[in-house]
Amino acid sequence: QVQLVESGGGLVQAGGSLRLSCAASGRTFMNNGMGWFRQAPGKEREFVAAISRSGGNTYYADSVKGRFTISRDNVKNTSNLQMNSLKPEDTAVYYCAATGGGLSGVRAPVALTYDYWGQGTQVTVSS
């Protein structure tokens with residue numbers, strides 16, 4: 001089992017930045033691929049970014065590429081999502097997720113790839 005707790009959400013003006021963190025506990029963190037998803041009101045949950053177990057491979061949705069950066073620290077058991085140049089359309093609840101094993105580029109954007117989910121943290125970007 002892996003327990004995930006997100007933090008760092010909040011209210012920010014358009015053009016601003018936020019850094020989300022996901023703290024993992026349970027089984028060995030370095031065995032898990034990590035991902036971030038988001039869900040806006042009335043919309044389906046969508047992929048944001050993911051990172052492989054070693055951190056050597058990262059994957060991004062086109063809508064956030066160049067603005068968001070995912071990282072991980074396998075010593076601290078954390079995954080971070082640095083979000084810059086935020087837009088009102090980035091407003092959503094952001095969820096951290098972990099796989100039960102590895103992560104490929106093909107599977108990274110697929111929610112069913114992930115076995116563990118956090119409770120989410122709200123990000124609101126005002127115009």
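A: At 41% relative accessibility, Ser-85 counts as partly exposed; the class lies between buried, under 20% relative accessible area, and exposed, over 50%, with a 1.4 Å probe and protein chains only. Ser-85 sits in the loop between strand 8 and strand 9, where strands (E, at least two residues) and helices (H or I, at least four) are DSSP runs numbered from the N terminus. Its phi is positive, about 50°, although Ser-85 is not a glycine. Most residues other than glycine have a negative phi.

The model is predicted: local features need pLDDT of at least 70 and side-chain atom pairs count only at pLDDT 80 or more, while totals for chains, interfaces and linings use all residues. Residues are numbered from 1 along each chain as its sequence is written, and side-chain values use heavy atoms, with hydrogens and water left out.

Asn-77 also has a positive phi, near 60°, and is not a glycine. Asn-77 belongs to the loop between strand 7 and strand 8. With a relative accessible area of 25%, Asn-77 is partly exposed.

Leaving aside residues up to four places away in sequence, Met-83 touches Gly-16, Ser-17, Leu-18, Leu-20, Arg-67, Phe-68, Tyr-94 and Val-123, a contact being heavy atoms within 4.5 Å.

Now the whole protein. It has eleven strands and zero helices. The radius of gyration is 13 Å, close to the 14 Å that the globule rule gives for 127 residues, so the protein is as compact as a globular protein of that length; the radius is taken over C-alpha atoms, and the rule is 2.2 Å times the number of residues to the power 0.38. Along its principal axes the C-alpha trace spans about 40 × 25 × 25 Å. Of the 127 residues, 43% count as buried. Among contacts with a separation of 6 or more, 60% come from residues 24 or more positions apart.
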